[in-house]
Amino acid sequence: EAVSGAQLIAQALRAQNIEYMFGIVGIPVVEIAIAAQAVGIKYVGMRNEQAACYAASAVGYLTGRPGVCLVVSGPGFLHALGGMANATINCWPLIVIGGSSDRNQETMGAFQEFPQVEAGRLYNKLSVRPSSLEVIPAVIEKAVRTSMYGRPGSCYIDIPGDFVNLQVNKSSVKYVECCLPPPISMAEHSAVSKAASVIALSKQPLLIIGKGAAYSYAENNIRKLVELCGLPFLPTPMAKGVVPDNHPNCVAAARSTALQHADVIILLGARLNWILHFGLPPRYRQDVKVIQVDICAEELGNNVMPAAALLGDINAVTQQLLEEFNKRLWKYPSNSEWWKKLRGKIKHNEERSKGLALQKSLPMSYYTVFHHIRELIPKDCILVSEGANTMDIGRTMLPNFYPRQRLDAGTFGTMGVGLGFAIAAAMVARDRTPGRQVVCIEGDSAFGFSGMELETICRYNLPILIIVVNNNGIYTGLDANSWEEMLKFGDPATCVPPVSLLPNAHYEKIMSAFGGKGYFVKTPDELQNALKASVTDKQAPSLINVMIDPQSERKKQEFPWLTRSKL
């Protein structure tokens, strides 16, 4: 019995328990998508390969098993590189399957010919091309396994165009079973007891929870550790919700103070990169002791020599620490000077934010908008957030109560991920937690990177609420009058500030053009009404375009946002 390359690919993906595929079809990969649907894989046709690849990578983070991004040769492959890099840098499993030129036309200047396997090596853990149809199942198993084992990341499989419809006898195919779940490694006992001793001697401890902890489903053990030891904790942006943001030990509202004065820091699946200011002074004490827990040996010791290095799965190692502290019965006193200092700072910062949120002035500020969003969106919704100010202020003002329910620009600081992430989250939620809403909060500039995915959202009728926080620009914008004045000086290409976008752009009309619901709001009342209507109507996609003060910024701080404290 004969089987085609396309069928082999689809069957092999299904055998590896792959559930979702995102992409844009064309020559030579159309048949692969059709074959995938035939074996029960859900295929979502997107409008740009970049967004398709972001979507597939988010599936990997949300489910622990890679999504697949399917692209055509040459330009299609190249547009997906952003998603591969973003997945690998965020440590999320992803499979990208790219069509390439027919083998007999290589070096001849074939249609969309490009050295895809070589190019893929820089962005992926594995970049391979099966040498024959017979080995396709084995190659796909290796790619899926590699994407999930150790530190997760992206893997690329190159499929020559002539493989897709080529037939081979089933009996000669090397079929393989589904790979085993990733093995769980634990830290060595000496490192665990060293870590416990350092923590027990600390005067100003701080636990930092990273998205690696969310990925390893460590929420129950981490919460037990926080409560058993009475530790203050700080989540990195995407680890919000591993322990709920409203937990009494959460010190996110005193982030700078907590980092600057902690004498012992426990890193659980978080890296000392730019997001955590590299673990170096002046943001940290010169003599801070770092206890590092990570799945990746090469990460241990980056930027700061650790006082204890615990190599292993975050959930398993947290369990080891729990067992150690159950023996020691040590608890950090809740009446310490450190807790007093942190609580004082939290109170001060929360009052300041509250004051900003309750301002009555129009146009609204970011703080006012987020205040109303927080009041009206469901507590268990999946939050997708991207933008500069939109993401930064939203992170401080919108709480997460459950793990893996915040997706944002991540370690790579990628703009344009929002709609792809929201589509992935909605597909996964539809299958696993029906009724859970996806709320995607976008800056107006961030929205523009993949705004056409609104058509995808409407085509699959995904109940996503998109809120565009619109300040007419990147960081800041101009109001309509200033814009008109500016145009009097001549050609906009020479006189309009590079950060400006068109004032009062009606993004909501794009949503209504595709059959979703669009709302244009300028006042708190209009915002509340639009939010209530969107949250109630769980069936249809909606977009609320919220006009805010074009000059609205974060709390009084300098303009270049990268130098500002990530509050």
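These questions and answers walk through the predicted model above, from its domains to single residues.

Residues are numbered from 1 along each chain as its sequence is written, and side-chain values use heavy atoms, with hydrogens and water left out. In this predicted model, local features need pLDDT of at least 70 and side-chain atom pairs count only at pLDDT 80 or more, while totals for chains, interfaces and linings use all residues.

Reader: Into which domains is the chain divided?
Author: The bounds come from an automatic or database domain assignment. The chain is divided into domain 1 (2-172), domain 2 (189-343) and domain 3 (359-552).

Reader: How many residues of domain 1 and domain 2 does their contact take?
Author: Taken over C-alpha atoms, the centres of domain 1 and domain 2 are separated by 38 Å. Contact means heavy atoms within 4.5 Å. The contact takes 13 residues from domain 1 and, from domain 2, 10 residues.

Reader: How far apart are the end C-alpha atoms of residues 192-321?
Author: Helices (H or I, at least four residues) and strands (E, at least two) are DSSP runs, numbered from the N terminus. Over residues 192-321 the chain is 31% helix and 18% strand. The end C-alpha atoms are apart by 6 Å.

Reader: Where does Pro28 lie?
Author: A cis peptide bond joins Ile27 and Pro28, with omega about 5°. Pro28 lies in the loop between strand S2 (20-23) and helix H2 (30-38).

Reader: Which strands flank the loop of Pro282?
Author: Pro281 and Pro282 are joined by a cis peptide bond, omega about 5°. The loop of Pro282 lies between strand S11 (264-268) and strand S12 (289-294).

Reader: Which elements do the buried residues of H11 pack against?
Author: The buried residues of H11 are Glu219, Asn221, Ile222, Leu225, Val226 and Cys229. An α-helix has 3.6 residues a turn, so residues three or four places apart point the same way. The buried residues of H11 pack against strand S9 (205-209), H10, strand S10 (233-235), S11 and helix H13 (314-328).

Reader: Which are the edge strands of the open six-strand sheet?
Author: The strand order is S15-S14-S16-S17-S19-S18, and the pairing is parallel. Two strands pair if DSSP finds at least two bridges between them. Each edge strand pairs on one side only: these are strand S15 (406-407) and strand S18 (517-521).

Reader: What angle does the direction of helix H15 make with that of S17?
Author: Helix H15 (residues 366-376) packs on the sheet and touches strand S16 (438-443), strand S17 (464-470) and S19. Axes are lines fitted to C-alpha atoms, for helices over the stretch in contact, and angles run from 0 to 180 degrees between N-to-C directions. The angle between H15 and S17 is about 165°.

Reader: Which residue is the bridge partner of Phe520 in S19?
Author: S18 and strand S19 (residues 542-547) run parallel, joined by five bridges. In S19, the partner of Phe520 is Asn545.

Reader: Which backbone nitrogen does the side chain of Ser552 reach?
Author: Ser552 lies in the segment after S19 and is buried, at 6% relative accessibility. Beyond its neighbours within four places in sequence, its contacts include Ser365, Asn389 and Tyr475. At 3.2 Å, the side chain of Ser552 reaches the backbone nitrogen of Tyr366.

Reader: With which side chain does the side chain of Thr411 make a polar contact?
Author: Thr411 is found in the loop between S15 and helix H17 (418-432), and is buried at 11% relative accessibility. A polar contact is a pair of N or O atoms within 3.5 Å; within protein, one must be able to donate a hydrogen and the other to accept it, and residues adjacent in sequence count only if both atoms are side-chain atoms. At 3.3 Å, the partner side chain is that of Arg271.

Key:
Buried means under 20% relative accessible area, exposed over 50%, partly exposed in between (1.4 Å probe, protein chains only).
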